[in-house]
Amino acid sequence: MEPIQIQAYTAKDEAALISMTTRVEAYKVLMTLPRANMLVARYHNRAVGYAACSGGSAKAFVYVYVHPACDHLPVGHLLYQAIEEQCRQKGVRQVCAFARKESFTEDEHFDYTFEYVRMEYQKRKKDSFACRLPEHAAIRRYQDADFDGCSRIFSSIGYEQNDPCKDDFFVLDVQQSVAGCGRMRGNRIDLVAVDPAKSGCGCGQALLAYMTNLILKKGHSRAFLWCETKNEKARAFYEKNGYQPCYTACWPVKNLL
């Protein structure tokens with residue numbers, strides 16, 4: 001049998017990856033994946049799958065896609081093993097592997113699994129939705145001085161803080177105090193977190209509206225985020241603000257260190 005080769009992505013692979021990505025939702029994911037860490041599986045000198053990871057040193061999200069015609073081959077297993085080793089070498093402590101709810105997930109000895117729903121906000125006739133900021137509040141980009149304030153909010157929700165990227169990390173400032181923070185990457189919103197003491201004051205809605213509008217102004221036709229299926233309160237919040245569920249996916253989680 002011809003061996004399956006796992007190699008680093010090159011620009012020459014782009015057209016092949018797009019053409020082999022048959023599912024609409026998988027294509028959407030492909031368009032958001034960083035190419036710098038991407039691996040490509042080749043069989044008979046043709047691209048038959050790819051894997052990529054994104055995130056920080058604390059947690060990385062791993063995406064694996066295999067051409068449907070090659071489901072009978074161990075392409076997914078080999079891609080996952082290679083991308084996991086890549087994460088280990090970078091010192092990543094935990095990986096979350098993307099998988100469709102109805103898809104077969106090979107036994108990679110994951111520790112546990114989260115179930116998430118993808119929610120999207122589609123561009124309407126008006127480019128943005130109106131949202132009033134709380135009194136004496138302003139949204140600005142993250143600064144080094146905000147670290148303690150963001151850490152306090154993260155601790156309150158059990159979230160482990162990574163080193164924020166100043167280009168896509170925002171804080172909601174109320175009278176020179178961090179009342180909320182949010183992070184976006186491309187057209188994906190990764191985080192919306194609010195100080196529990198400011199809950200119900202419109203801080204979360206303001207952050208969500210700000211990042212959604214910014215995504216649309218950059219030319220994207222839609223913004224999306226992931227919401228844990230069991231978190232009914234968060235899902236209701238996003239639906240109230242124009243986000244609609246698209247499909248459900250599972251995130252098997254493995255602790256590497």
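Leaving aside neighbours within four places in sequence, Tyr210 is in contact with Ile139 and Phe170, contact being defined by heavy atoms within 4.5 Å. Tyr210 belongs to helix α5; helices (H or I, at least four residues) and strands (E, at least two) are DSSP runs numbered from the N terminus. With a relative accessibility of 33%, Tyr210 counts as partly exposed, where buried denotes under 20% relative accessible area, exposed over 50%, and partly exposed the range in between (1.4 Å probe, protein chains only). Between Tyr210 and Gly182, which are 28 residues apart in sequence, the C-alpha to C-alpha distance is 9.6 Å.

The structure is a predicted model, in which local features need pLDDT of at least 70 and side-chain atom pairs count only at pLDDT 80 or more, whereas totals for chains, interfaces and linings use all residues. Residues are numbered from 1 along each chain as its sequence is written, and side-chain values use heavy atoms, with hydrogens and water left out.

The protein chain comprises six helices and 13 strands. Of its 257 residues, 47% count as buried. Among contacts between residues at least 6 apart in sequence, 71% join residues at least 24 apart.

Helix α5 has 15 residues, and eleven of them are buried, so the helix is largely enclosed by the rest of the structure. The buried positions include Cys203, Leu207, Leu208, Met211, Ile215 and Leu216. Just after α5, Gly219 adopts a positive phi of about 105 degrees.

In soluble globular proteins, nonpolar side chains tend to be buried together. A nonpolar core is here a set of buried Ala, Val, Leu, Ile, Met, Phe, Trp, Tyr and Cys residues joined through side-chain atoms within 4.5 Å. The largest such core holds 25 residues, of which Met119, Leu172, Ile189, Leu225, Cys227, Tyr238 and Tyr243 touch the most other members. Two or more residues each are supplied by β7 (112–122), β8 (137–141), β9 (169–174), β10 (178–185), β11 (188–194), α5 (203–217), β12 (222–228) and α6 (232–240). The most is given by α5, with seven residues. Apart from this core lies another, of 23 residues, among them Tyr116, Phe224, Tyr247 and Trp251. Cys227, a member of the largest core, touches Glu115, Tyr116, Val117, Met119, Ala234, Arg235 and Tyr238, residues up to four places away in sequence not being counted.

Aromatic pairs were assigned to rings of Phe, Tyr and Trp (its six-membered ring) with centres within 6.5 Å; planes under 30 degrees apart count as stacked, over 60 as edge-to-face and the rest as tilted. By this rule the count comes to 18 pairs. The pair formed by Tyr50 and Tyr65 is stacked, because the ring centres are 5.4 Å apart and the planes are at 25 degrees. Tyr50 lies in strand β3 (residues 46–55) and Tyr65 in strand β4 (residues 59–66), so the pair ties together parts that are 15 residues apart in sequence. Tyr50 is buried, at a relative accessible area of 3%, as is Tyr65, at 6%. Phe114 and Tyr116 form an edge-to-face pair, 5.9 Å centre to centre with 75 degrees between the planes. Phe114 is partly exposed at 29%, whereas Tyr116 is buried at 19%. Phe114 and Tyr116 also belong to one aromatic cluster with Phe61, Tyr63, Phe98, Tyr112, Trp226, Tyr247 and Trp251.

A charge is taken to sit over a ring if NZ of Lys or CZ of Arg is within 6 Å of the ring centre and within 35 degrees of the ring normal. The charged end of Arg118 sits over the ring of Phe224, 3.7 Å from its centre.

Positive phi values also occur at non-glycine positions. His44, in the loop between β2 (39–43) and β3, has a phi of about 55 degrees and is partly exposed at 49% relative accessibility. Gln176, in the loop between β9 and β10, has a phi of about 65 degrees and counts as exposed at 78%.
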